[in-house]
Amino acid sequence: MKLLRYGPAGEEKPGLLDADGTIRDLSGEVDDVAGSALMPEVLDRLRRIDPTSLPAVEGSPRLGPCVGQVGKFVAIGLNYYDHARETGMEPPKEPIVFSKYTSCIVGPNDDVVLPRGSVKGDWEVELGFVIGKHTKYVSEAEALDHIAGYCVVNDVSEREFQIERSGQWVKGKSCDTFGPTGPWLVTRDEVPDPQNLNLWLDLNGERQQAGSTATMIFPVAHIVSYLSQFMSLQPGDIVCTGTPPGVGLGQKPPRFLKAGDVMRLGIDGLGEQESTVRADA
Ligand code: ZN
């Protein structure tokens with residue numbers, strides 16, 4: 001299933017994309033695509049519904065982030081060898097874990113707003129996964145069973161805030177609008193191998209990033225198991241898993257976002273995003 005949320009920001013309703021690409025209203029079935037609605041028993045119930053029996057949504061509403069009420073937004077840094085090298089850093093021996101505060105999450109086609117003082121805005125297409133079960137001390141063998149589904153995430157970053165302004169990366173990763181998420185949450189049954197997905201990003205129509213999740217240093221199952229040794233994960237938590245090469249920071253000379261730029265990005269089977277960049281007033 002492709003689950004989604006549609007409508008004005010903050011008032012999104014739950015929906016499902018049917019086989020013909022029509023949005024179907026799920027609000028008679030679940031309150032939101034969020035939290036306990038992502039647990040296996042609920043997803044199994046939704047899977048048994050004939051989508052054509054659900055009300056079709058008219059027009060082309062805005063899509064919100066594909067998961068609501070996110071408790072934690074965890075990110076993994078430098079998880080592709082080539083990306084670690086392009087940033088001048090050593091490939092890590094253990095996953096680099098950092099946080100994106102959940103206030104950065106926006107819909108897949110919402111504007112990305114460079115905050116006041118930003119000079120080094122950058123892009124990062126990433127495979128995101130969404131937790132579907134309470135997760136603590138799980139083995140790699142059990143790990144994928146704890147995932148509700150997968151989605152596209154743009155881990156938008158401000159490199160000066162992240163790297164040059166001291167302290168943790170979180171400042172350069174959590175600005176409002178720095179977490180476009182969606183368009184859909186594709187349930188795990190439709191993604192048989194999360195380590196064999198192509199991902200790409202174009203800036204103003206020019207390809208910047210092209211990679212495959214096959215070249216991750218730490219695969220998804222390892223990340224779930226690893227994180228669960230340090231913290232519990234709950235249904236609706238999102239984890240983004242690192243970006244392949246081709247970010248602006250890694251180019252010679254480096255290239256950063258400016259108002260009017262358009263980022264288009266996608267992952268095999270998970271859909272596409274398109275965000276226009278603007279500067280905060
Ligand atoms: Zn990232």
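**Entry 1**

I began with arginine 159 and aspartate 122, which form a salt bridge with their closest N and O atoms 2.8 Å apart. I counted a salt bridge where a side-chain nitrogen of Lys or Arg is within 4 Å of a carboxyl oxygen of Asp or Glu. Arginine 159 lies in helix α4 and aspartate 122 in strand β8, so the pair ties together parts that are 37 residues apart in sequence. Helices (H or I, at least four residues) and strands (E, at least two) are DSSP runs, numbered from the N terminus.

I then looked up how far the two residues are covered. Buried stands for under 20% relative accessible area, exposed for over 50%, and partly exposed for what is in between (1.4 Å probe, protein chains only). Arginine 159 is buried at 3% relative accessibility, and aspartate 122 is buried at 0%. Salt bridges that share partners join Lys100, Asp122, Glu124, Asp155, Arg159 and Lys173 into one network.

**Entry 1: what I am looking at**

I note that this is a predicted model, in which local features need pLDDT of at least 70 and side-chain atom pairs count only at pLDDT 80 or more, while totals for chains, interfaces and linings use all residues. Residues are numbered from 1 along each chain as its sequence is written, and side-chain values use heavy atoms, with hydrogens and water left out.

**Entry 2: the zinc ion**

Which residues coordinate the zinc ion? I found Glu124 (OE), Glu126 (OE) and Asp155 (OD), at 1.9 to 2.0 Å. Donors here are N, O and S atoms within 2.8 Å of the metal (3.2 Å for Na, K and Ca); water is not among the atoms, so sites may look incomplete. I wrote down the sequence spacing of the donor residues as E-x1-E-x28-D. Glutamate 124 and glutamate 126 are both buried.

**Entry 3: other salt bridges**

How many salt bridges does the rule give? The count comes to 25.

I looked up the one between lysine 2 and glutamate 190, with 3.4 Å from N to O. Lysine 2 lies in strand β1 and glutamate 190 in the loop between β13 and β14 (198-203), so this pair ties together parts that are 188 residues apart in sequence. Lysine 2 is partly exposed, with a relative accessible area of 25%, and glutamate 190 is partly exposed at 37%.

Next I took glutamate 164 and lysine 120, whose closest N and O atoms are 2.7 Å apart in a salt bridge. Glutamate 164 belongs to helix α4 and lysine 120 to the loop between β7 (112-114) and β8 (121-122), so the pair ties together parts that are 44 residues apart in sequence. Glutamate 164 has a relative accessible area of 47% and is partly exposed; lysine 120, at 24%, is partly exposed too.

**Entry 4: aromatic pairs**

I found 2 aromatic pairs in the structure. Rings of Phe, Tyr and Trp (its six-membered ring) pair if their centres lie within 6.5 Å; planes under 30 degrees apart count as stacked, over 60 as edge-to-face and the rest as tilted. The rings of phenylalanine 98 and tryptophan 169 have centres 5.1 Å apart and planes at 65°, so I noted this pair as edge-to-face. Phenylalanine 98 is in strand β5 (residues 96-99) and tryptophan 169 in the loop between α4 and α5, so the pair ties together parts that are 71 residues apart in sequence. Phenylalanine 98 is buried, with a relative accessible area of 10%.

Most residues other than glycine have a negative phi, and most peptide bonds are trans. I therefore listed the exceptions below with that in mind.

- Glutamine 69 has a positive phi of about 50°. It sits in the loop between α1 (40-47) and β4 (73-77) and is exposed at 67% relative accessible area.
- Serine 166 has a phi near 65°. It lies in the loop between α4 (159-164) and α5 (170-173) and is exposed at 53%.
- Glycine 182 and proline 183 are joined by a cis peptide bond with omega about 20°. Proline 183 is in the loop between β12 (179-180) and β13 (185-187).
- Lysine 252 to proline 253 is also a cis peptide bond, with omega near -5°. Proline 253 is in the loop between β16 (238-240) and β17 (262-267).
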